[in-house]
Amino acid sequence: MNSANHKIRTSNLSRPGGDMQWCFSQVKGAIDDDVAEADIISTVEFNHTGELLATGDKGGRVVIFQQEIDNKNVPQFRSEYNVYSTFQSHEPEFDYLKSLEIEEKINKIRWLPQKNAAQFLLSTNDKTIKLWKISERDKRPEGYNLKEEDGRYRDPNTITALRVPVLIPMDLMVEASPRRVFANAHTYHINSISVNSDNETYLSADDLRVNLWNLEITDRSFNIVDIKPANMEELTEVITAAEFHPHQCNTFVYSSSKGTIRLCDMRVSALCDKHSKLFEEPENPSNRSFFSEIISSISDVKFSHNGRYMMTRDYLSVKIWDLNMESRPVETYQVHEYLRSKLCSLYENDCIFDKFECCWNGNDSVVMTGSYNNFFRMFDRGHRRDATLEASRENSKPLQVLKPRKVCTGGKRKKDEISVDSLDFNKKILHTAWHPQDNIIAVATTNNLYIFQDKVN
Amino acid sequence: MSATTAMEVNIEARRILAVSISKLYASRSQRGGLRLHRSLLLSLVMKSARDIYHSSRESDAPSEAQSPPEEPMDTSSSPELPEPQPEPLSERNSSETAVKESDSEEEDYESDTTEDKENLSPARQSRKRRGKASAAPDFLPNKRARLEPGEERYAAPVASCRVGAGESLTTLSLNQVIPAF
């Protein structure tokens with residue numbers, strides 16, 4: 001299953017018997033129970049090597065963690081990540097024309113593959129995408145002719161000789177600077193960005209449109225999908241997520257609020273309103289309710305690393321689709337089916353609108369997604385096993401193995417089980433990320449980032 | 001649908017309608033502006049709830065005391081209305097009709113119709129809905145519909161509104177949700 005370009009660590013994902021055991025490694029963020037809204041994590045993303053882990057929050061801030069180099073080859077401590085850089089990516093803005101505030105919340109971060117010493121990432125809020133350059137500086141020049149060491153200018157009359165400034169070592173400084181700002185291309189709220197495998201272009205998607213950008217050009221973008229109806233009162237569906245194929249630079253998919261996914265080929269025409277493939281599973285009529293439309297809305301779509309499958313997340317399930325079969329998914333995993341009978345309450349407390357993300361592991365054998373009560377779920381595709389784990393401060397002793405959790409759906413509650421009515425719906429895990437080459441995962445609760453690694457014997 | 005009575009379904013549908021309307025109003029003051037996706041989902045739930053509410057009202061119709069006064073109105077307006085059909089609700093819910101389009105269709109389908117002023121008045125050929133009742137339930141904000149240019153506000157007598165005032169506020173909101181963009 002490994003593609004040629006993909007190095008997988010030999011420490012295997014599944015032991016004989018297919019048991020995965022996960023250990024706590026670190027937790028980042030305030031211990032306070034009183035969460036400041038600006039600190040709510042809104043996106044988590046590893047870079048292509050897994051050495052860097054970026055988070056974005058509601059306050060428009062980006063925090064980048066770096067894997068501790070010294071420990072990278074020490075199995076027990078290889079998932080130690082420390083703060084590398086913090087910067088304010090987006091600020092709140094005001095659209096005077098529409099009298100609307102534009103939130104600074106970071107909706108998505110996507111890393112660019114590394115081309116030189118610096119690292120680049122794209123971060124976006126509802127309206128504007130920015131390309132950030134993160135570079136290290138560990139030397140500074142000393143011995144200017146016209147300036148003193150503290151920066152004051154010298155009196156030219158006192159300069160009698162000329163010298164060449166030398167570079168001297170200094171404490172490592174990591175600087176983030178905005179290199180491009182891609183603005184004013186989206187009328188609606190941006191929900192996705194995706195970098196193309198050609199490393200030259202990327203797409204951004206809002207509720208009704210998908211735009212194609214060149215990373216170098218900020219004053220122009222091409223609209224490649226437009227589902228806005230002529231009469232807005234005829235609107236029946238919106239775009240919820242979009243992603244480029246990992247290898248085919250002409251292919252991308254976008255998901256809709258109706259539970260469909262469309263695959264488009266940019267070679268076919270400039271405007272990709274006509275899809276090449278439409279992935280849709282017929283609805284199970286016995287599951288019909290007031291809320292059927294809401295729960296079938298897809299909140300995330302992700303291609304597998306090998307490019308043969310894609311995964312979608314709707315409110316109650318994760319589905320794996322074979323790109324060659326449009327009629328139905330090849331695998332369906334129930335994340336929290338016990339919530340199906342609670343949809344009315346979840347509608348009233350707004351939880352039914354929560355947008356959960358999902359992710360693949362490095363070799364596409366396991367998928368992961370979040371749930372409520374700070375639970376997150378893993379589905380081992382090959383061994384047909386699944387696990388429910390919890391990210392909590394109580395289970396935060398170093399290298400403590402996470403105990404599988406179980407939700408009791410009715411009848412007698414066993415010890416250690418938790419009943420559906422006791423679940424805390426304010427503690428939701430919407431964002432998770434899996435290291436591209438190793439069994440290290442980052443799981444975001446409301447304002448904390450948990451890092452787990454698989455158990456090393 | 002489970003084996004609950006039409007009355008329970010009716011109550012449930014009304015509750016969901018009320019919750020949805022208050023969510024819609026709340027979302028107007030949300031930071032970052034109206035979210036199109038969320039508004040669309042809210043309007044879909046409201047449409048479902050309203051359709052089910054009407055169908056459960058119709059199944060209750062013979063047993064309700066209100067129905068007799070409605071009949072004279074029905075016969076007078078029936079020439080104007082298309083043949084009311086027993087609506088295949090599930091099909092309608094899943095159909096891809098426009099929100100507004102289905103509003104108008106559903107209005108035609110009502111056999112227990114409210115004072116259907118649009119169809120009675122020759123000047124009112126528009127299939128657009130607008131405010132019918134000015135009396136709102138206590139639990140809902142006291143707001144009037146924003147009228148389209150050329151529309152007039154009709155003060156419908158409350159007694160003739162067979163469907164509660166909540167329904168009229170629903171119809172306001174559904175139309176206003178999407179065009180707000």
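Visitor: What should I keep in mind before we start?

Guide: This is a predicted model, in which local features need pLDDT of at least 70, side-chain atom pairs count only at pLDDT 80 or more, and totals for chains, interfaces and linings use all residues. Residues are numbered from 1 along each chain as its sequence is written, chains are lettered from A and ligands numbered from 1 in the order in which they are written, and side-chain values use heavy atoms, with hydrogens and water left out.

Visitor: Why is A:Asp57 called buried, and why is A:Arg61 called partly exposed?

Guide: Buried means under 20% relative accessible area, exposed over 50%, and partly exposed in between, using a 1.4 Å probe and protein chains only. A:Asp57 has 5% relative accessibility, so it counts as buried. A:Arg61 has 34%, so it is partly exposed.

Visitor: Which parts of chain A does the pair A:Arg110 and A:Glu45 link?

Guide: These two side chains meet in a salt bridge of 3.1 Å, N to O. It links distant parts of the chain: A:Arg110 is in strand β8 (residues 108-111) and A:Glu45 in strand β2 (residues 41-46), 65 residues apart. Strands here are DSSP runs of E with at least two residues, helices are runs of H or I with at least four, and both are numbered from the N terminus. A:Arg110 and A:Glu45 are both buried.

Visitor: How do you know that A:Asp380 has no salt bridge?

Guide: A:Asp380, in strand β26 (residues 375-380) of chain A, is buried, and the nearest side chain of opposite charge, A:Arg385, is 6.3 Å away. Lys and Arg count as positive and Asp and Glu as negative, while His and the chain ends are not counted. The side chain of A:Asp380 does make a polar contact of 3.2 Å with that of A:His383. A polar contact is a pair of N or O atoms within 3.5 Å; within protein, one must be able to donate a hydrogen and the other to accept it, and residues adjacent in sequence count only if both atoms are side-chain atoms.

Visitor: Now to the two chains together. What makes A:Glu103 and B:Arg35 a pair that crosses between chains?

Guide: Their closest N and O atoms are 2.9 Å apart, in a salt bridge. A:Glu103 is in the loop between β7 (100-102) and β8 of chain A, and B:Arg35 is in the loop between α1 and α2 of chain B. With a relative accessible area of 9%, A:Glu103 is buried, whereas B:Arg35, at 21%, counts as partly exposed. Both belong to a network of salt bridges that also includes A:Glu101, A:Glu104, A:Asp126 and B:Arg31.

Visitor: How many salt bridges are there between chain B and chain A?

Guide: The count is eight. In one of them, B:Arg15 meets A:Glu348 at 2.4 Å, N to O.

Visitor: How many residues does each chain bring to the contact?

Guide: Chain B brings 34 residues and chain A brings 33, where contact means heavy atoms within 4.5 Å.

Conventions
Salt bridge = Lys/Arg side-chain N within 4 Å of Asp/Glu carboxyl O.
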